[in-house]
Amino acid sequence: MTSAGKKLTGLVAATFTPLTEHGEVNLSPIGPYVDYLIQKQCVKNIFVNGTTGESMSLSLEERKTLAQEWCCKSKNKMEHVIVHVGCMSLKDSQELAKHAAQIQADGIAVISPSFFKPPNSEALRMYLQEVASAAPTLPFYYYHIPAITGINLRSIDVLEGIEKQIPSFRGVKFSGTDLMDFGLCVSHSPADWSLLYGVDEQLLGALALGANGAVGSTYNYLGRFVNVLISAFQKGDLVHARRIQFKVQEALHYAMKYDFDLSLNKLLMSVVSELDLGPPRLPLLPYPNHAQALSIAQKLQTVFGERSG
C-alpha cells in the first residue's frame with residue numbers, strides 16, 4: 001500500500017484466508033499475518049483472495065470484507081496489495097473490481113471463468129476488458145492457472161493487442177509450467193508490465209527467461225530464502241541461485257509425498273508461522289494428520305539450515 005505507481009516486482013505471497021474452526025472468516029490474524037510476512041519473510045507484496053485464499057469458496061461479501069481488512073492492515077507497510085476479483089459471473093467480478101478501487105487496492109487480478117469457458121482468446125480478452133472497465137484506474141493483471149481452470153489458451157494469444165482493449169493492463173500472474181508460453185509473454189511485453197511466475201519449484205527457469213517476480217503460496221514461509229535466490233540471480237551468481245532452487249525442490253518433493261494440497265499447505269503455514277489460520281472451507285477437508293505438517297516443517301529446517309518461520 002505504498003506503491004504509488006511503482007512496478008510490481010520481487011516476491012508476492014499468495015495469502016491464505018484465516019477461518020475459524022467452524023469455517024467462518026476470521027479477521028483477527030490478518031494484522032499479525034502482514035507483520036509476519038514483512039518481518040520474518042521480507043515479503044512486501046501480497047496477492048489476496050486468490051486460489052490459496054480459497055476465493056471460489058467465499059461469498060462476495062466475505063471477499064469484500066477480507067480485501068478491505070488486508071488493505072487496511074497493509075497500509076504504509078506493504079508495497080502492493082493485489083486483490084483477485086475473478087468469479088464465475090462477470091457481474092460479480094465487476095462488483096469486486098469496483099470495491100477494490102474503493103478500498104484503494106494497488107491492483108486487481110482476474111482468473112478466467114471455468115464453468116462456462118471462453119471458447120477462444122478473443123472471448124477471454126473481452127471478458128477481461130469488461131472486468132477492467134469497472135475499475136479503470138487500477139493496474140490490471142491476468143491470472144493464468146490452467147491446471148485449475150482447465151483453460152488451455154496460450155497466454156501469449158490472450159495478450160495479443162490487450163493493451164489497446166485494457167489501457168490499465170499491467171501484466172500476468174503466470175501459474176503454468178509452459179515456459180515457452182511464458183517466454184513469449186516476456187519477449188512481447190512492454191517494459192512497464194510485470195511478468196510474475198507462479199510455479200514456485202521452477203522459479204529460476206522463469207527468472208532466466210525474464211520474470212520480474214513471483215507469486216506463490218510457499219513464499220508465505222520460504223520468502224526470505226527465495227529472496228536470496230532472486231538476489232543471487234540478479235548478481236549473476238547462478239551457482240548460489242541454483243543451490244537454493246534445489247533446496248526448494250527438495251523440500252516440496254518431500255511435502256508432495258503427503259499429498260501436498262491446499263489443506264496441508266495451510267496447516268503447514270499455521271505450524272511454521274504460529275498464526276492460527278484455521279481449516280479450509282468445505283468442500284475441502286481439514287488435513288487429518290498434524291504430525292505430517294510438523295514433519296514437513298522439520299524438513300524445511302533441515303534443508304535450509306534454520307527455521308523457515
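## Reading the labels on a predicted model

Asparagine 76 counts as exposed, with a relative accessibility of 63%. Keep in mind that this is a predicted model.

User: Why is asparagine 76 called exposed?

Analyst: Exposed means over 50% relative accessible area. Asparagine 76 has 63%, so it counts as exposed. You will find asparagine 76 in the loop between α2 and β3 (80–84).

User: What makes the phi of asparagine 76 worth a look?

Analyst: Most residues other than glycine have a negative phi. Asparagine 76 is not a glycine, yet its phi is positive, about 65°. Glutamate 54 is another residue other than glycine with a positive phi, near 60°.

User: Where is glutamate 54, and is it buried or exposed?

Analyst: Glutamate 54 sits in the loop between β2 (45–48) and α2. Buried means under 20% relative accessible area. Glutamate 54 has 6%, so it counts as buried.

User: Why are α1 and α10 called roughly parallel?

Analyst: Angles under 35 degrees count as roughly parallel. The axes of α1 (residues 30–41) and α10 (residues 219–234) cross at roughly 25° and come within 9 Å. The two helices are therefore roughly parallel to each other. From α1, the contact uses Tyr33, Tyr36, Leu37, Lys40 and Gln41; from α10, it uses Tyr219, Asn220, Tyr221, Leu222, Gly223, Arg224 and Asn227. Sorted by class, the contact of α1 with α10 has six nonpolar, four polar and two charged residues.

User: What makes α2 and α3 roughly parallel?

Analyst: The limit is again under 35 degrees. The axes of α2 (residues 60–74) and α3 (residues 90–102) cross at roughly 25° and come within 10 Å. That is why α2 and α3 are roughly parallel to each other. Leu60, Glu61, Arg63, Lys64 and Gln68 of α2 make the contact with Asp92, Glu95, Leu96 and His99 of α3. By class, the contact of α2 with α3 has two nonpolar, two polar and five charged residues.

User: How do you know that the chain is as compact as a globular protein of its length?

Analyst: Start with the parts: the chain has 13 helices and eight strands. Its radius of gyration is 18 Å, close to the 19 Å that the globule rule gives for 309 residues, so the chain is as compact as a globular protein of that length. Of the 309 residues, 56% count as buried.

User: What kind of peptide bond joins leucine 282 and proline 283?

Analyst: A cis one, with omega about 20°. Most peptide bonds are trans. Proline 283 is in the loop between α12 (262–273) and α13 (290–304).

Key: Residues are numbered from 1 along each chain as its sequence is written. This is a predicted model: local features need pLDDT of at least 70, side-chain atom pairs count only at pLDDT 80 or more; totals for chains, interfaces and linings use all residues. Side-chain values use heavy atoms; hydrogens and water are left out. Axes are lines fitted to C-alpha atoms, for helices over the stretch in contact, and angles run from 0 to 180 degrees between N-to-C directions. Helices (H or I, at least four residues) and strands (E, at least two) are DSSP runs, numbered from the N terminus. Angles under 35 degrees count as roughly parallel, over 145 as roughly antiparallel, 65 to 115 as roughly perpendicular and the rest as oblique. Contact means heavy atoms within 4.5 Å. Ala, Val, Leu, Ile, Met, Phe, Trp, Tyr, Cys and Pro count as nonpolar, Asp, Glu, Lys and Arg as charged, and the others, Gly among them, as polar. The radius of gyration is taken over C-alpha atoms; the globule rule is 2.2 Å times the number of residues to the power 0.38. Buried means under 20% relative accessible area, exposed over 50%, partly exposed in between (1.4 Å probe, protein chains only).
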